[in-house]
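Let's take a walk through this fold, one piece at a time. Have the model open beside you and follow along.

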Amino acid sequence: MIERILPGPVVTEETFADPAGAADALFPEEAAVVARAVPKRQREFTTVRLCARKALGRLGHPPAPLLPSRRGAPQWPAGVVGSMTHCEGYRAAVVARAADATSIGIDAEPNGPLPEGVLESIALPAERTWVRALAARRPEVSWDRLLFSAKESVFKTWYPLTGRELDFVEAELEADPDAGTFSARLLVPGPVVGGRRLDGFTGRWLADRGLVVTAIALEASPAPSDGSGGAGGGLPGASAHTA
């Protein structure tokens, strides 16, 4: 499913169920990370790493531990960028060679309303306006949840480039309901990539199988339009932060 919103150079693996006996597939270092976690956390942690190892194998990388960093982002092998996501009934991992992509961020969420009060804490006034408008126009999509997911994808793209936090209200997003795309305008200084400072990201989204899924794939060497910066583009064909 997620391959539909990511370009060819990005390798994707996903599953809609946890395989039986998957915990035995963890490396000891990985098992130690979730040794005291509840079973649900252990299952999602394990299955998403199985997805990641399959994807890395398709790039020629042998199985190896995939440990979370201090902020929870997965630490990928040298020369690889990637992203993981998991929610109820879905796990996915995507990877690409660093020669093809500078950073990737993906997120999946259930296609249902956010818990009460969450939208007000993560959304800017303009975002709440378009969420309400699109909810009236296209009620089959939970636009508040899609906004949350897209902001998660923005963070996952941002963090490997900066090593810094990005608050939900430090990027203003807009979604195109017809094109299946979204854009994020950074409200803080963006990272310098390929000799230019980015002021935002663009990505794609879809709603299917009871989920909303978002993705950003930042091309490896974006060409500046005027030398002064601009929104980070996706690769050709592309339009909770822990794993």
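Start at Leu 147, which touches Leu 119, Ile 122, Ala 123, Glu 127, Trp 130, Val 131 and Leu 173, leaving aside residues up to four places away in sequence; contact here means heavy atoms within 4.5 Å. Before going on, note that this is a predicted model, where local features need pLDDT of at least 70 and side-chain atom pairs count only at pLDDT 80 or more, while totals for chains, interfaces and linings use all residues. Residues are numbered from 1 along each chain as its sequence is written, and side-chain values use heavy atoms, with hydrogens and water left out.

Leu 147 belongs to the largest nonpolar core, which has 32 residues; Trp 143, Leu 147, Val 154, Leu 173, Phe 182 and Phe 201 touch the most other members. A nonpolar core is a set of buried Ala, Val, Leu, Ile, Met, Phe, Trp, Tyr and Cys residues joined through side-chain atoms within 4.5 Å, and buried means under 20% relative accessible area, with exposed over 50% and partly exposed in between (1.4 Å probe, protein chains only). Among the elements giving two or more residues to this core are helix H4 (125-137), helix H5 (143-162) and strand S5 (171-176). Helices (H or I, at least four residues) and strands (E, at least two) are DSSP runs, numbered from the N terminus. H5 supplies the largest share of this core, nine residues.

A second, separate core has 20 residues, including Met 1, Leu 6, Val 10 and Val 94.

Back to the helices: H4 and H5 pack at about 135°, their axes 9 Å apart. Axes are lines fitted to C-alpha atoms, for helices over the stretch in contact, and angles run from 0 to 180 degrees between N-to-C directions. On the H4 side the contact is made by Glu 127, Trp 130, Val 131, Leu 134 and Ala 135, and on the H5 side by Trp 143, Asp 144, Leu 147 and Lys 151.

Now for a sheet. Three strands form an open one in the order S1-S3-S2, with antiparallel pairing; two strands pair if DSSP finds at least two bridges between them. Strand S1 (11-15) and strand S2 (80-87) stand at the edges with a single partner strand each, so one side of each has no neighbour in the sheet. On average, neighbouring strands are turned by 10° against each other, direction ignored.

How many bridges join S2 and strand S3 (residues 90-97)? Eight, in the antiparallel sense. Along that pairing, Gly 82 has Val 95 as its bridge partner, Ser 83 stands opposite Val 94, and Cys 87 stands opposite Tyr 90. The hairpin of S2 and S3 has two residues between the strands, and Gly 89 takes a positive phi near 80° there. On the other flank, S1 and S3 pair over five bridges, with Glu 14 opposite Ala 92 in S3.

Finally, look at burial. Eight of the eight residues of S2 are buried, so S2 is largely enclosed by the rest of the structure. Val 80, Gly 82, Met 84 and His 86 point one way from S2, while Val 81, Ser 83, Thr 85 and Cys 87 point the other way. S3 is mostly covered too, with seven of its eight residues buried. Helix H2 (residues 39-58) lies across S1, S2 and S3, running at about 30° to S3.
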